[in-house]
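Please consult the sequence and structure shown here while reading.

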Amino acid sequence: MLIDSHCHLTYEIDPAGVDAVIARARDAGVGIIICPTADPIDVPAAIKLADTRDNVFATIGIHPEHAECTAADYITDEILAHPRVLGVGEIGLDYHGDDVPARDAQIKLFTEQLEMARRGGLPVAIHTRDAEEDTAAILADFPEIGGVMHCFTSGWGLAKKMLDRGFYFSASGILTFKNAGDIRDTFAKIPANRIVVETDSPYCAPVPYRGRVCEPAFVVETARVVAGIKNIPFEKFCDIVMENTKHLYPKIKI
Ligand SMILES: [Zn+2]
């Protein structure tokens, strides 16, 4: 069985509804789905999904694209103590392009949520894009926090730093793209016991579904590619990913 460790189930993936998406995932062998939040309006929806679907869990956080927000307005200690809320995420920094929020606002929101994770004793799911240096520097102030580098596409420099502090690395559909040789090379060097997989649905559908709306069933394709890179039989790799995800998110009950 596989786990899709990062899937935006609160977004409309299929007009037929979320249960059709979950059913197709189950049929493909993807038995567990972890739903992160990015926009504060998704927080109640993600918790509701985790509460009402036996194979869905949540992580709760505000993405840097909403850096004008104060996390405490949306995320309470009670929410983070919820038994099916596994961590704080997705949070981080995104300096890509010209229309991203000001860096100081992003850093303030990121730091606020790292403090929440520390208080709650929870792991974090980190989004970082064109912001590797600041991400590593800020995380260095929170040495007790573990977590995962979600949709990891950075180079070996950041990978090594985060490996040394015990983080996990999540492979997304991007790894299956023809032009992603550098990312595959990085994952070749990351130990198998630090790798988890995700779709980041509805984004980044893997080959051979590129261009379609991504859904959790497709994580199988990414897992196959990573298993190949690591030279591990697919079924065994799925078992390793399951163990890794349980270590990453100790609150998960499967
Ligand atoms: Zn995401």
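## Conventions

Helix axes are lines fitted to C-alpha atoms over the stretch in contact, and angles between N-to-C directions run from 0 to 180 degrees. The structure is a predicted model, in which local features require pLDDT of at least 70 and side-chain atom pairs count only at pLDDT 80 or more, while totals for chains, interfaces and linings use all residues. Residue numbers start from 1 along each chain as its sequence is written.

## Overall architecture

The protein contains nine helices and eight strands; these are DSSP runs numbered from the N terminus, with helices (H or I) of at least four residues and strands (E) of at least two. Its radius of gyration is 17 Å, close to the 18 Å given by the globule rule for 254 residues, so the protein is as compact as a globular protein of that length. The radius is taken over C-alpha atoms, and the rule is 2.2 Å times the number of residues to the power 0.38. Along the principal axes, the C-alpha trace spans about 40 × 40 × 35 Å.

Of the 254 residues, 48% count as buried. A residue is buried if 20 or more other C-beta atoms, placed from the backbone, lie within 10 Å of its own, exposed if 12 or fewer do, and partly exposed in between. Among contacts with a separation of 6 or more, 69% join residues 24 or more positions apart, a contact being two C-beta atoms, placed from the backbone, within 7 Å.

In soluble globular proteins, nonpolar side chains tend to be buried together. The largest nonpolar core here has 77 residues, of which I33, C35 and V226 touch the most other members. Helix α8 (residues 219-230) supplies the largest share of this core, six residues. Such a core is a set of buried Ala, Val, Leu, Ile, Met, Phe, Trp, Tyr and Cys residues joined through C-beta atoms within 7 Å.

Leaving aside residues up to four places away in sequence, I33 touches D4, C7, L9, I22, A25, N55, V56 and P216.

## Packing of α8 and α9

The axes of α8 and helix α9 (residues 234-248) come within 9 Å and cross at roughly 105°. That angle makes α8 roughly perpendicular to α9, a class that covers 65 to 115 degrees, whereas angles under 35 count as roughly parallel, over 145 as roughly antiparallel and the rest as oblique.

On the α8 side, A223, R224, V226, A227 and K230 meet F234, F237, C238 and V241 of α9. By class, this contact has seven nonpolar, no polar and two charged residues. Ala, Val, Leu, Ile, Met, Phe, Trp, Tyr, Cys and Pro count as nonpolar, Asp, Glu, Lys and Arg as charged, and the others, Gly among them, as polar.

## Backbone details

The peptide bond from G89 to E90 is cis, with omega near 10°, and E90 belongs to strand β4 (residues 85-94). A cis bond, with omega near 10°, also links S201 to P202; P202 lies in the loop between β8 (195-197) and α8.

D130, a residue other than glycine, has a positive phi near 55° and sits in the loop between β5 (124-129) and α5 (132-139). D130 counts as partly exposed because 13 C-beta neighbours lie inside 10 Å. C151 has a positive phi near 45° and is placed in the loop between β6 (147-149) and α6 (156-164). With 25 C-beta neighbours inside 10 Å, C151 counts as buried.
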